[in-house]
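Please read them with the structure open.

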Amino acid sequence: FTPNLFKDSVTTYSSLIKKNFNNLLQLCNILLQSPEAVITSFAINMYKATFVHFGSHDVGYQQEVVGDLISIVGTGGCGAVTEHALRTFEELAANHSRKLIQFSPLITAMMDYTESISLGQFRQLMNVLCNLAWCAGEGGHGEDDVTTDLDSN
């Protein structure tokens with residue numbers, strides 16, 4: 001398996017992916033918990049490809065991906081799986097911030113988990129929020145949401 005093969009599969013078989021979307025998220029979640037770096041890297045690529053493919057016409061699927069990653073951060077116990085979920089958010093924020101910014105209220109809610117994550121993971125979360133705030137400041141949608149959410153936390 002390669003990331004490109006998975007991207008092509010999501011594009012080609014999107015109707016099948018939609019029918020089995022919850023199973024796909026469960027698989028991503030299981031792979032993200034692996035101690036093997038190659039497997040977690042593939043899981044991150046699976047999350048990213050799924051999020052990116054299901055664009056504005058399938059926002060519900062994107063929201064499911066974001067929600068799954070947030071729940072991992074909230075229940076990851078400050079371990080490697082939390083770091084991997086945050087790394088997924090970092091990569092999405094760096095490369096697809098315009099798509100991710102609409103979920104900024106959900107993402108900023110992760111600030112509630114700051115007491116249970118490590119300093120390095122907190123930095124990852126701040127990196128995500130800074131990327132979203134920068135995108136919003138550059139004319140992206142959701143500028144008021146990001147700044148309001150950050151101010152309230």
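1. In helix 1, Pro 3, Phe 6, Lys 7, Val 10 and Thr 11 meet Phe 42, Asn 45, Met 46, Ala 49, Thr 50 and His 53 of helix 4, where contact means heavy atoms within 4.5 Å. By class this contact has 6 nonpolar, 4 polar and 1 charged residues, with Ala, Val, Leu, Ile, Met, Phe, Trp, Tyr, Cys and Pro counted as nonpolar, Asp, Glu, Lys and Arg as charged, and the others, Gly among them, as polar.

2. The model is predicted: local features need pLDDT of at least 70 and side-chain atom pairs count only at pLDDT 80 or more, while totals for chains, interfaces and linings use all residues. Residues are numbered from 1 along each chain as its sequence is written, and side-chain values use heavy atoms, with hydrogens and water left out.

3. The axes of helix 1 (residues 3-12) and helix 4 (residues 37-53) come within 10 Å and cross at roughly 30°; axes are lines fitted to C-alpha atoms, for helices over the stretch in contact, and angles run from 0 to 180 degrees between N-to-C directions. Helices are DSSP runs (H or I, at least four residues), numbered from the N terminus. Helix 1 and helix 4 are therefore roughly parallel (angles under 35 degrees).

4. For helix 3 (residues 21-32) and helix 5 (residues 59-75), the axes come within 11 Å and cross at roughly 30°, so these two helices are also roughly parallel to each other. Phe 21, Leu 25, Asn 29 and Leu 32 of helix 3 meet Tyr 61, Glu 64, Val 65, Asp 68 and Ile 72 of helix 5, a contact that divides into 6 nonpolar, 1 polar and 2 charged residues.

Terms used. Parallel < 35°, antiparallel > 145°, perpendicular 65-115°, else oblique.
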